[in-house]
Structure formats: structure tokens, C-alpha cells
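Trainee: Could you show me how to read charged side chains in a protein model, beginning with the general idea and then turning to the case at hand?

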Amino acid sequence: MGIRQKIMLGFAALGFLLLMSGVISYSELNLFTRLNTTIVEQNNDAIDLTVEILDLLEEQNKHLVWSLLHGGDEALELSRNKQEMDEAFLKFRRMYDDVSVADSAIVAKDNYFRLIQNAADSSHIDRGRWYLDECQPAHQELLRNVQNLIQFSNAYAEEESYMLENNVYWAIMPAVIALGVAVLILLMLFYMIDLYFIRPVVKMSRALDNYLKLKIPFKVTTEARDEVADLKEGIDELIDTIKANKSK
């Protein structure tokens, strides 16, 4: 294999290595970006759902207090927003694999509305005492579970972000490895060029100069089988020709 082919092969291997590492790093970083975007969107959706639940719960409680203050059979009726709250809880539940927190909140919500429904069905009830002793604790329990949903979604997003942050290092690792290997290949190329090209040429130049000036026999050995070897053989033939002509 000639010198040019050796050098081109080395640089081709280096270019291929850098190209592959770039493709892998780009793919990993692109995946990281998509996952990060998904986590942010999921967390925003969870926050929107919990805000919606809190707004509906506050509206429900206001409606209930207003009804208690004004009296009438409608005082203990369920709010028309109950269905929207049910849908919001179910949406939150479908967003995560761990549904235990959402299930606890759904149970607290069902208990709260069941308590209101049972009170609405009863014609003999001290509404004020019922609200303070039964309804208000159930309402606080539901609020606590909704706050747990917020904490859970934030903790989930933080955990996923931490995992993605660790994955970033794995994403850039191929590029780092490729850079190290590229430096190694460059050193190998320099060594090979110096060993098979520069040193033999320097030796032949000095030997030829010594022959011309000091008549020291031209003796240069090379293990290469390329253009440098051809050059050495050409110099040997030229010197032999000169010697033959002088002997005539």
C-alpha cells in the first residue's frame, strides 16, 4: 500500500469515527430534548389540572356555604361542577404510572361528595353542625390530597429531570470517546508518517549527501514497500550506473 493510500485510509477512518460519534451524540441529545419537553409539558398539564380541581372545589364550597346561609332544599345539592372535577381527577390519574396518590385523592373526593349527597337526602339535619363536624373535615382532607397531587407531580418532574441530566453525560460520552480515539489515531498517523516516510527520506538524503561529498557508500535499509522503497531503489540504480560509467 502506498503512502498516499495509507494517509487517506487513516484520515478516512478518523472522519468516519467522528461522523458516527456526531450522529450518535445528535440522536441522544435530540432524544433528551424530546423527553425533557415531554416532562415539562406533563408537569404543566398536571399543574393546570390541580388548579382546575382547586377552583372547582372552591366553587363547590362557596356554593355549599351560600346554600347553607340562605336555606332551602337546594342547600345541600351537589354542584354542577362535580362531573368536571371527576374528569380532571381521571385525567391526572392517566398521566402517571404510579396512581396511588391519584387514587387516594379520588377516594377523598368521592367521600366528600357522598357526604354532601347523604346530607341532601336527609330532611332532619342540623346544617351548621353538619358542615363544621363532617363537611369541613372532609373538605380539608380533599384539599390535602390535592396538595399531595401537586407535590407528587413536582417530585416526579424533578426525578425525571435528574435522570435526564445524567443521560446527558451518556449522550456526550460518544463524542468524548471519539475525540480521544481521534487524538490517538492522529498520533498513530504522525508516528507512521515519521517512521515510514520522514525518517527514510532523511536517511537517504544524508546518505546521498555523504556519498556525493565524502564518497561514503550509500547504504540505506527500509522495510517499507511503497514509494519510499521505490525512491531508495532508484537511487541505488543511479549510483550503480554512475559507478559503471566511471569504471569504463
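This is a predicted model: local features need pLDDT of at least 70, side-chain atom pairs count only at pLDDT 80 or more; totals for chains, interfaces and linings use all residues.

Trainee: How many salt bridges does a search of the whole structure find?

Mentor: The general idea is that side chains of opposite charge can pair when their charged atoms come close. In this model, a search of the whole structure finds six salt bridges, and one of them is formed by the side chains of Glu 58 and Lys 62, with an N to O distance of 3.3 Å.

Trainee: How many residues apart are Glu 58 and Lys 62 in helix 1?

Mentor: They are four residues apart, and because both lie in helix 1, Glu 58 and Lys 62 are separated by about one helical turn.

Trainee: Which residue forms a salt bridge with Asp 86?

Mentor: The partner of Asp 86 is Lys 109, and their closest N and O atoms are 2.5 Å apart. This pair links distant parts of the chain, since Lys 109 belongs to helix 3 (residues 100–121) and Asp 86 to helix 2, 23 residues apart.

Trainee: Is Lys 109 buried or exposed?

Mentor: A residue counts as buried when its relative accessible area is under 20%. Lys 109, with a relative accessible area of 5%, is therefore buried, and Asp 86, with a relative accessible area of 18%, is buried as well.

Trainee: Which residues gather in a patch of negative charge on the surface?

Mentor: A patch of this kind is made of residues of like charge that have no salt bridge. Here the negative patch on the surface consists of Glu 41, Asp 45, Asp 48, Glu 52, Asp 55, Glu 59, Glu 84 and Glu 87.

Trainee: Which helix gives the most to the negative patch?

Mentor: Helix 1 gives the most, with six residues, although helix 1 (3–70) and helix 2 (82–95) each supply at least two residues of the patch. Asp 48, for instance, is found in helix 1, and at 48% relative accessibility Asp 48 counts as partly exposed.

Definitions and conventions. Residues are numbered from 1 along each chain as its sequence is written. Side-chain values use heavy atoms; hydrogens and water are left out. Patches are made of residues with over 30% relative accessible area and no salt bridge: like charges are joined within 9 Å, nonpolar side chains (Val, Leu, Ile, Met, Phe, Trp, Tyr) within 5 Å. Accessible areas come from the Shrake-Rupley method with a 1.4 Å probe; for residues, only the protein chains shown count as cover. A salt bridge is a side-chain nitrogen of Lys or Arg within 4 Å of a carboxyl oxygen of Asp or Glu. Lys and Arg count as positive and Asp and Glu as negative; His and the chain ends are not counted. The place of a charge is taken as NZ of Lys, CZ of Arg, CG of Asp or CD of Glu. Buried means under 20% relative accessible area, exposed over 50%, partly exposed in between (1.4 Å probe, protein chains only).
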